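Q: Please take a close look at the contact between the two chains of this model. What holds on each side of it, and which elements take part?

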There are 2 protein chains.
Amino acid sequence: MTIAEVSQKYDISADTLRYYERIGLIPPVPRTPGGIRDYDEESCGWIELMKCMRKAGVQIEALIEYVALFQKGDVTIDARKELLMEQRNQLVDRMAEMQESLDRLNDKIERYEQGLMTKEKLLQRMKQEREKGQS
Amino acid sequence: MTIAEVSQKYDISADTLRYYERIGLIPPVPRTPGGIRDYDEESCGWIELMKCMRKAGVQIEALIEYVALFQKGDVTIDARKELLMEQRNQLVDRMAEMQESLDRLNDKIERYEQGLMTKEKLLQRMKQEREKGQS
DNA sequence: GTAGCACCTGGAGTAAACTCCAGGTCAAGA
DNA sequence: TCTTGACCTGGAGTTTACTCCAGGTGCTAC
């Protein structure tokens, strides 16, 4: 597969694909004799994995380290597992924070829906109460 | 409250607090006659809200717009609600992506746990099979 | 009233993750 | 063979969200 095809398949720019390879986020992609990238299934697998991880906010740094460990072979299995668990924990934490934010957003939206959200409205109401009381 | 106190309270640097105000992520903070920031409860509320939203990955751009709308008063209530809903939807989408990534991480970790994960191991096993067959 | 520390502003610098570009190769069609 | 369009590399530029700094001001304690 050419870089253009892979780019289209995963909706990642060719520049980004080259960049990912350059920094070691994916292992070296096979080349034609002319030096042009010829992505195989394995390369695509890496790309898909990284797309998934990156969308979830996993740091490129950590992913590069994972790939480096992977390329060092079986002796790094424990280290790789460790790394994945660390990333999973961070992910779980981030999701919890997002849930908090989501609850809050839903709350705010609901209050807007009921038309009693804004401080302005509340202040206005209080003012009206005061005026009523005085009259 | 001084900026140092607020900084400590929310674990946000004074520089960041000034930056947030400068770019309009929070409305202007009240000042002492000498020009020094004197955060009141309302300011703190904004800061806390923004801390929560930022941690969840909500773009500063959108939050600035929300604050701007807020400061324009009641006529912007619909627009604000719209904005919040848009952000909520994005948040929900991101969380779904993260869940996907989390599932995948858990899957990978589990396979490492069972010691049958690595392609190396699989290849090795296949090689052994072949050798056995040949001998 | 002056030393010293926290605070102020405007602007420059930084980190992460791309994104773009110049100048040069590769390869398929006319 | 020549053209043309996709691809190559190394390096510079961009965006987002801070973070740092220089030069100056405001309080508080001596």
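A: In this predicted model, six salt bridges are counted between chain A and chain B. One of the charged pairs is formed by the side chains of Lys81(A) and Glu113(B), which meet in a salt bridge with an N to O distance of 3.1 Å. Under the rule for polar contacts, 11 residue pairs are found across the interface of chain A and chain B, with both residues of each pair at pLDDT 80 or more.

On the side of chain A that touches chain B, at least two residues each are supplied by helix 3 (41-55), helix 4 (60-71), helix 5 (77-113) and helix 6 (119-134) of chain A. Helix 5 of chain A gives the largest share of that side, namely 24 residues. Sorted by class, the side of chain A that touches chain B holds 17 nonpolar, 16 charged and seven polar residues.

As to extent, chain A brings 40 residues to the contact, and chain B brings 40 residues. The two chains bury about 4,200 Å² between them, and 65% of this lies on carbon and sulfur atoms. Of the area that chain A buries against chain B, 17% is supplied by Met98(A), Arg104(A) and Tyr112(A), more than by any other three residues.

Helix 4 of chain A, one of the contributors to this side, can be checked by its length. Its 12 residues should span 16 Å at 1.5 Å a residue, and because its end C-alpha atoms are 16 Å apart, the two values agree. The buried residues of helix 4 of chain A are Ile60(A), Ala62(A), Leu63(A), Tyr66(A), Val67(A), Leu69(A) and Phe70(A). Just after this helix, Gly73(A) adopts a positive phi of about 90 degrees.

The 15 residues of helix 3 (residues 41-55) of chain B should span 21 Å at 1.5 Å a residue, which agrees with the 21 Å between its end C-alpha atoms. Its buried residues include Trp46(B), Ile47(B), Leu49(B) and Met50(B), together with Ser43(B), Cys44(B), Cys52(B) and Met53(B). Among the elements that cover the buried residues of helix 3 of chain B are helix 1 (3-10), helix 2 (14-22) and helix 4 (60-71) of chain B, as well as helix 5 of chain A. Just after helix 3 of chain B, Gly57(B) takes a positive phi of about 90 degrees.

How values were computed:
Residues are numbered from 1 along each chain as its sequence is written. Chains are lettered from A and ligands numbered from 1 in the order in which they are written. This is a predicted model: local features need pLDDT of at least 70, side-chain atom pairs count only at pLDDT 80 or more; totals for chains, interfaces and linings use all residues. Side-chain values use heavy atoms; hydrogens and water are left out. Contact means heavy atoms within 4.5 Å. Buried area is the accessible area (1.4 Å probe) that two parts lose on being put together, summed over both. A salt bridge is a side-chain nitrogen of Lys or Arg within 4 Å of a carboxyl oxygen of Asp or Glu. A polar contact is a pair of N or O atoms within 3.5 Å; within protein, one must be able to donate a hydrogen and the other to accept it, and residues adjacent in sequence count only if both atoms are side-chain atoms. Helices (H or I, at least four residues) and strands (E, at least two) are DSSP runs, numbered from the N terminus. Ala, Val, Leu, Ile, Met, Phe, Trp, Tyr, Cys and Pro count as nonpolar, Asp, Glu, Lys and Arg as charged, and the others, Gly among them, as polar. The expected span of a helix is 1.5 Å times one less than its number of residues. Buried means under 20% relative accessible area, exposed over 50%, partly exposed in between (1.4 Å probe, protein chains only).
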